[in-house]
Amino acid sequence: MKHLFELFRLNQREQRGVKVLLFIIFIFLLIHLILPLQQNRLPIKYDLIVHKEKEELPEYESNYSDIEDKKYPVQKKEIAYFTFDPNSLDEAGWEALGLTNKQIKGILNYRSKGGRFRNKYDLAKMYSLSPQDVERLTPFVQIKQEQINPYVPQENAYTTRRKESFRKVLINVNDADTNSWMEVRGIGPVFSKRIVKFRDALGGFHDINQLKEVYGIPEDILERIQQQIQLMPKSHKRILINQISIDSLAKHPYVRYKRARTIINYRVQHGNFKELADLKKILSLDEEFFIKIEPYLDFDHGKHREAIDISD
């Protein structure tokens, strides 16, 4: 070992450290060899476990199942089906047919807005009903052939006169107020207010088909009232696009604030618009917007009699 120390040129302190390290290694090797001889090797014990049938499960498993059943009870309510009219069935009736409160609310809201079930297959129009609900309820639907308009009083002399007025009424869509609209069959107070509000925001209708944009009105009602409404040509108000402010332009349903700000800022930077082609230079505006807004634009500084600022 002395020659080893001389070979690596270790000083006296380093030599002592190497000796101590070798001693420690020797002790660990010795312990590693002796300990396994002192340990008693115990035999391996094992039990054969046989899976029992469900009815023989331990008590704790049975109790756990009972807890789960109480926590998440399964209500299996037997439904006694009956024939019903979805246009008149009340909340209790729908509940008796096994519908949830959310489903019932959706149906009642649909009816309150003027929605009607024309045949039993119209149940499928209700998004709150699952296909399974529609399938089980459809066989029991029985819709009455003659439905009573909810806004018309019960049969009497007044009702007869009102029915007669329904047949004769002819209104101008841009001049009629809410009362006039209610004279049209199928248009009640809710729809009449929506029509007038939307029309006034537009500045008037330039096309009868714009009535389809009024929220909630079914297309079948619009088809039925075609003979009771008329539109006078060029009776809508037009927008003085070179004079109107951002806030006034933003009130138009087809424009809104973001587009209004873009249009007016472009006008300030590049000067007045002479024609629609100038407006189309604004690349952020799409073709669908131009188709809708074009009938309402006036580029001639109000020279036309019907051209006005919609802020008025």
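A search of the whole structure, which is a predicted model, finds eight aromatic pairs. A pair of aromatic rings is described by the distance of the centres and the angle of the planes. Take Tyr81 and Phe140. Their rings are stacked, with 4.8 Å from centre to centre and 10° between the planes. What does this pair tie together? Tyr81 lies in the loop between α3 (59-71) and α4 (91-96), while Phe140 lies in the loop between α6 (131-137) and α7 (157-168), so the pair ties together parts that are 59 residues apart in sequence.

Phe82, Phe84 and Trp94 form a cluster, linked by ring pairs.

Next comes Ala277. This residue sits in helix α13, which covers residues 276-279. With a relative accessible area of 41%, Ala277 counts as partly exposed.

The table gathers the accessibility values.

| Residue | Relative accessibility | Class |
|---|---|---|
| Ala277 | 41% | partly exposed |

Now turn to a pocket. How much space lies in the second largest pocket? The volume is about 280 Å³. Its lining includes Asn109, Tyr110, Lys113, Gly115 and Lys125. Lys212, Tyr215, Gly216, Ile217, Pro218 and Glu219 also line this pocket. By class, four lining residues are nonpolar, three are polar and four are charged.

Step back to the whole chain. The protein chain has 14 helices and four strands. It holds 312 residues, and 31% of them count as buried. Among contacts with a separation of 6 or more, 54% come from residues 24 or more positions apart.

How confident is the predictor? The mean pLDDT of the protein chain is 79, and 72% of its residues reach 70 or more. Over residues 147-166, the pLDDT is below 50. In the model, this stretch has 27 contacts beyond near neighbours in sequence. The pLDDT is also below 50 over residues 304-312. That stretch has 24 contacts beyond near neighbours in sequence.

How values were computed. Residues numbered from 1 in each chain as written. Predicted model: local features only at pLDDT ≥ 70, side-chain atom pairs only at ≥ 80, totals over all residues. Heavy atoms only, no water. 1 Å grid on protein atoms, 1.4 Å probe; cavity = no way out; pocket = protein on both sides within 12 Å on 5 of 7 lines; lining within 4 Å. Points joined across faces, edges and corners; volume = space filled by probe spheres on them. Nonpolar A, V, L, I, M, F, W, Y, C, P; charged D, E, K, R; others polar. Phe/Tyr/Trp six-rings, centres within 6.5 Å; stacked < 30°, edge-to-face > 60°. Helix = DSSP H or I, 4+ residues; strand = E, 2+ residues; numbered from the N terminus. Buried < 20%, exposed > 50% of the residue type's maximum accessible area, 1.4 Å probe, protein only. pLDDT = per-residue confidence, 0-100. Contact = heavy atoms within 4.5 Å.
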